[in-house]
Amino acid sequence: MDMQIEQRDGGITVVRLKGRLDIAGADAIGLRFTSATASAAQPAVVDLAGVEFIASMGLRLLISSARALGAKGRRMALFGAQPLVQAVFDDAALDQLMPVCTTEAQAVAAVTG
Amino acid sequence: MTPAAVAGPDTGPARPPDGPGADLRHGVRDDAAGAPALSAAQLTALLDVTRHLAAPFELHAMLQEVAAAACGVLDAERASVWLLDAAAGELWLEVSSDLPPLRVPLGQGLVGACAATRAPLNVPDCYADPRFNPAMDRASGFTTRCSLSLPLLDHADALVGVLQVLNRRQGPFGSAQVALGAALAAQCAVALSRVRLAEASLAARLATERLRQELALASQVQQATLPAVMPELPGWDMHGAFIPAEQTGGDTYDLALTPQGQLLVVLADATGHGIAPALSVTQMHAMLRMAMRLGAPLEQAFTQINDQLAQTLPDGRFVTAAIGLLDPATARLRLLSGGQGPILHWHAARADCSVHRATSFPMGAAPISHLRPALELDFAPGDWLVLLSDGIFEQAGPGDELFGRERVMALLRQHHGGRAAALGQALLQAVRNFAGGAAQDDDITLVLLRRLP
């Protein structure tokens, strides 16, 4: 599981993930992901184009980070999910917890609007 | 100025090379300080003792054997074995079974000094040595004249304790006795090490066994929360199964008739598997059952339970759960699902499946501010409700492929005309076959409900 962090103009964190977000993957990036998103206390968007698979522990990481960030008054949005991953999001009604967008631009709008 | 204690060979005790059967003479002759070689008689005595040291498996017996051996080999009146408590930085001696052991800090007293220097300490006149503590003599009525303290160093050169031998009958200990004592101490150290290792490993094995029993009990407790038998509901056939990946699991299900005559249908899956999620999911299940007993409406029960879980579940954990109430009179199922999906409704007339997603996010992820409306599924004769946990859809098979939705549909098409238990069996068997020899890596749970044709 790989993770890259970028900063966008206007103080937005972009996290790009690559690999499988299963138990091992979630474990591997857990702390870094939380610190890049929740601890940074600024709006965050997560690029999931490189994520081939997600299981409940991966969902948990996204949910807990979004929640922690929400407690600081900031939003987190996901974008670019592959069909298999999008299906998991749909089945879990994840969009009721955080914006699930198609493009980066949409995600940025969702967290700053 | 007190006379300096006569130390043994300053290079340390003569050490036999390795383990039982080693030729003791080599170690002694190689001693650079030129200590006298042991006599044949002494060597025989030493070998004899070594044989005896192999016998005890219990620490107390071993200590007695060592003390007796030291007295015998060195012709002394008394010997004691002080053991090292590394964590406390102390040496301890068990004097009797009903008194607490004596304790001496490392560096203190004769045994403490021996332990600190890891070298034999030969004191021909103990009362003349300021490190000697006469209190023990006073307490026991024994009069210590001379003492030889020998460090017990095991095969890894770690200090195990100190062997202290008192009052050689023929007079103060000489260098010959120091050499012999050192050889004996080496044997004793290894034997002691062995016994302590065996005891530690036994303790560890007992702890593991206790844990295994606790888990088995936890498993029983969890199984007891599941329906023992399927409810009898005329016109309906149903089946549920829960197969945890470990002894306890993070899934649960329920099929139960409520006091109001409705059928409660539940499938729930807590994040992870093992003990912690088993506790979460059992808690959720208990809350739900209570809500049903109290006649709470579905929406209220769902919201309250969700919000309660949002407060109590740690750290982003959640429970996906599909909770429904079937009114047998109208054959309508009202279902709320927090993150549990897909929900499959097989239509007998069309011979195909509607696939529904969850109505709400996973339970406990956040408080509910605005509950979306429940799914309302109307069951025609022959229709099925199929709820499966992700352990089925996500079972990995050859080449990293997942079992997936299509295989489930195929099995439904094949078995929709039969009993719910038969479909359940077929699903489980198919998943097992698909997994090949691989161990089950996630909990597997299924709930099947059919309106009879």
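Predicted model: local features only at pLDDT ≥ 70, side-chain atom pairs only at ≥ 80, totals over all residues.
View 1. Five strands of chain A form an open sheet with mixed pairing, in the order E1-E2-E3-E4-E5. In general, strands of a sheet pair through backbone hydrogen bonds, in either a parallel or an antiparallel sense. Strand E4 (residues 76-79) of chain A pairs with E5(A) in the parallel sense over two bridges. Within this pairing, Phe79(A) has Cys101(A) of E5(A) as its bridge partner.

**View 2. Helices lying across the sheet of chain A.** Helix H3 (residues 83-91) of chain A lies across strand E3 (44-54), E4 and E5 of chain A, and runs at about 110 degrees to E3(A). Helix H4 (residues 104-112) of chain A lies across E1, strand E2 (12-21), E3, E4 and E5 of chain A. The direction of H4(A) is at about 165 degrees to E4(A).

**View 3. Crossing of helices H10 and H11 in chain B.** The axes of helix H10 (residues 404-415) and helix H11 (residues 420-435) of chain B come within 10 Å and cross at roughly 145 degrees. This crossing of H10(B) and H11(B) is right-handed. From H10(B), the contact involves Arg407(B), Val408(B), Leu411(B), Leu412(B) and His415(B); from H11(B), it involves Leu423(B), Ala426(B), Leu427(B), Ala430(B) and Phe434(B). Of the residues in the contact of H10(B) with H11(B), eight are nonpolar, one is polar and one is charged.

**View 4. The interface of chain B and chain A.** Chain B contributes 25 residues to the contact, and chain A contributes 20 residues. Together the two chains bury about 1900 Å², with 53% of this area on carbon and sulfur atoms. Three salt bridges are found across the interface of chain B and chain A. In a salt bridge, the side chain of Arg357(B) meets that of Asp90(A) at 4.0 Å, N to O.

**View 5. Backbone geometry in two loops of chain B.** Most residues other than glycine have a negative phi, and most peptide bonds are trans. Gly341(B) and Pro342(B) are joined by a cis peptide bond, with omega of about -5 degrees. Pro342(B) belongs to the loop between strand E12 (332-338) and strand E13 (343-347) of chain B. Asp157(B), although not a glycine, has a positive phi of about 65 degrees. Asp157(B) is located in the loop between strand E6 (147-153) and strand E7 (159-168) of chain B.

Definitions and conventions: Residues numbered from 1 in each chain as written. Chains lettered and ligands numbered in written order. Heavy atoms only, no water. Axes fitted to C-alpha atoms, helices over the stretch in contact; angles between N-to-C directions. Helix = DSSP H or I, 4+ residues; strand = E, 2+ residues; numbered from the N terminus. Left-handed = near helix turned anticlockwise from the far one by under 90°. Contact = heavy atoms within 4.5 Å. Nonpolar A, V, L, I, M, F, W, Y, C, P; charged D, E, K, R; others polar. Pairing = 2+ DSSP bridges. Buried area = accessible area lost by both parts, 1.4 Å probe.
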